[in-house]
Amino acid sequence: MSADEALTAGAAEQGRMIRARKVSSVELTRACLDALETEGAALGALAEPMRARALEEAALADRELAQGASRGPLHGVPYGAKDLIAARGAPTRWGSPAHAGQEFDHDACAVERLRAAGCVLVAKLAMIELAGGGGYEWAHASMTGACRNPWNHARWAGGSSSGAGAAVGAGLVGLAIGSETWGSFMVPAAFCGVTGLRPTYGRVPRHGAMALSWTMDKLGPMGRTAEDCALALEAMAGPDPRDPSALAGRFRAPRRPPGKRLRIGVLPTDFSHETSRAAAKAFEDAVGLLRSLGHKTLGARLPPYPYELAASTIISAEGSAAFENLVRGPGLALLRDESQQAGLLAGLAVPAADYLRAMRLRAQVAPDALRVFASCDVLAAPTLLRGAPPIDRSLNESWSHMGGNGGPGNLLGWPSLSVPMGFDSDGLPLGLELIGPPRGEATILGLGMEFQRETDWHARRSPAPARRP
Amino acid sequence: MRDEGAPRRRQVSRRDLGKAAAAAVVIAASAPPSGAAPAEAAAEARVAALEAVLGRGVPPALRGTVRDALREHDEAWRQNRDSCPLSDGAEPSFAFLPVSLGERARVGR
C-alpha cells in the first residue's frame, strides 16, 4: 500500500496500517505534509505546516515500532491541530491578524497527550479569527482567508474549526483537533462530511488552548469515523492540574458498538422550509436505520428555556473579557471582520446583571434539562438542515433555516457527535447529531460506530482535490 | 507566552465610570419618548457609556452594529426575563456544572 492510499483512511485505520507495517509513520507523515502544503493551502485549510517536528516525531514512532514498542492504536498517526492550540515550533496565531507574531514555547495539554499516545503533529490548521467570539459575517474572517469546502470549492467549510473540517474532509489528514464554544465543531464536521465529537465540557483539559469563553470552550477530535474520535478522546481526556475545569476520570473508548438496544429520543425539528427537504429525508432514513437495528425511537423535548440567549450572553461577556486588551487597543481594527470587531466591543457593554442572570439560569436549567435522559439514552437530530453556504456570500443572508441544537448542547456542556448521513440536492454533506448526557461520550460514539458499520456516508470521498492557484 | 498584539491594560478610573454614567443619563433624557425610540436611545446611551469607559470613540463604521447588538440583547432579555424567573437571594451557589454535584463528588472532585 502506498502512503497516498493510506492518506484518505481514518486515524484508527491508519494506526492499524502502521502497526501492520503496510506503511511507515514517516511515509504517511510526509504524504500528509505534501497534501496539506498543496491541496490544504489551496483550500485555505492550512495555518502552518510543522514539517521538521513532524518528521522527527514520525521517525521516533517508527524506531519504537521497530523495537517492538507501540504506544497504542494511534501510534505514528499524523494529525493537525486548530491554530488556537499551542505547539512548540510553530506560531499559534488564533486565526487573527492581530496575533500574527504570536508563538508559544510549550505544547498544549492535548498536544502533550496525543504525543504520548504516539501521534504526530503535522500542522496547525486554519480557523476563524479568535474562534469567531464576537460573531462574524464573512467566511474570510480569518488571517488565512476563507476556507473552502472540499466537496465544492465555491462553498464554505464552516467555522470556526474550518481547517480541521476541510483537511479531514479532503483526506489530507485522518485526524484533527478542534474546539467548540458554540457550533465551531459541529458546523464544519457536518459541512465537510466528517465525524466530529464535541466532548462534555471539561473532558479535555484546555491548558495551552486559546480561551474564548471559560465556561463554554471545549476541545475535541474530528476524524473519518466515530472510532477515530473515540481513540483521540481516550488519549486526550482526564484531569490536568493546569485546568481546574477539567473533569476527573479517564475516558475509555468503546471498541465496538453498544451491543444493547438504546432509547433514542428524536428532538423536534422544523423541516417545513423547502431547503430542509434533503435533510428531512436523510434524517428519516437515519432514524429508520437505527430503529431497524433494534433501537427504540421516541419523541423527546427539552424543557423550554432561552438556551440561545443565555449562551450568547455568556459567550459575549466572557469573550470580550478574555480579549479585553485587544478590544481596548488598536489591535481590534486588525481583525478581518467588522462584525467580529463590533461584537467584541458590544460584549464589553453587556451588563454584569445579564451575565450573572444567564449563569444562574444555566445552573437552574442544567438539572431540569437532564431529566430528558430519564426516558432516553441518546438524543438525535440533524446537525444542520442544509449543506454549506456559498463562500462569498454574507452569512447574515445565507445562514437561514439552518436549525441545530448548539444552543442548549453548549450551554449545558453536553457531548455531541456529528456523523455523515447523506447529501443535499447540491451534493453537499449533511450530518446526523447524536447528543448524550454529561460523560455520555461512550454511548454516542458506540452508536455512531454502529451507524457507520451499516452506512458508507463517512467513507465517501470528496471530488477532485483543490490545486494551489 | 508572547502576545505582541495586546496593548497594556488601561485602568478604568472612578472618573471614567462617572463620565459614562453621566453620558448615559444625558442621552437617555434627550431621547424622544415614543415607539421604538426609547430602546434606540437606551442602546445609544450604552454605546456612549462604552466609549467613555474605552476612553475613545467607537469607529463610525462599527457604531451602528454595536448599537444594534446592544439593543437586540436588551430586547431579547426583556422578552425572556419573565419566562424563567429567578428568586432573589435564594441560591447558595450558581456555579454551573455539566454533571450533578453528586456525580462530581463520586468521581473525586
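How many residues of chain B are in contact with chain A?

## Chain contact

This is a predicted model. In it, 37 residues of chain B are in contact with 46 residues of chain A. On the chain B side, the elements giving two or more residues are α2 and α3 (60-80). Of these, α3(B) gives the most, with ten residues.

What is the make-up of the side of chain B that touches chain A? Its residues divide into 22 nonpolar, seven polar and eight charged.

## Helix α2 of chain B

Helix α2(B) covers residues 37-54, 18 residues in all. From first C-alpha to last, α2(B) reaches 25 Å. That is close to the 26 Å expected at 1.5 Å a residue.

The buried residues of α2(B) include the run B:Ala43, B:Glu44, B:Ala45, B:Arg46, B:Val47, B:Ala48, B:Ala49 and B:Leu50. B:Ala52 is buried too. Just after the helix comes B:Gly55, with a positive phi of about 80°.

## The sheet of chain A

Chain A holds an open sheet of eleven strands. Their order is β1-β3-β2-β6-β8-β7-β12-β13-β11-β9-β10, with mixed pairing. At the edges stand β1 (46-49) and β10 (296-299). Each has a single partner strand, so one side of each is left without a neighbour in the sheet. On average, neighbouring strands of this sheet are turned by 30° against each other, direction ignored.

Strands of a sheet pair through backbone hydrogen bonds, either parallel or antiparallel. Strand β9 (residues 263-266) of chain A runs parallel to β11 (residues 378-382) of chain A. Three bridges join the two strands. A:Gly265 stands opposite A:Leu379 in β11(A).

Terms used
Residues are numbered from 1 along each chain as its sequence is written. Chains are lettered from A and ligands numbered from 1 in the order in which they are written. This is a predicted model: local features need pLDDT of at least 70, side-chain atom pairs count only at pLDDT 80 or more; totals for chains, interfaces and linings use all residues. Helices (H or I, at least four residues) and strands (E, at least two) are DSSP runs, numbered from the N terminus. The expected span of a helix is 1.5 Å times one less than its number of residues. A residue is buried if 20 or more other C-beta atoms lie within 10 Å of its own, exposed if 12 or fewer, and partly exposed in between; C-beta atoms are placed from the backbone. Two residues are in contact if their C-beta atoms, placed from the backbone, lie within 7 Å. Ala, Val, Leu, Ile, Met, Phe, Trp, Tyr, Cys and Pro count as nonpolar, Asp, Glu, Lys and Arg as charged, and the others, Gly among them, as polar. Two strands pair if DSSP finds at least two bridges between them. Axes are lines fitted to C-alpha atoms, for helices over the stretch in contact, and angles run from 0 to 180 degrees between N-to-C directions.
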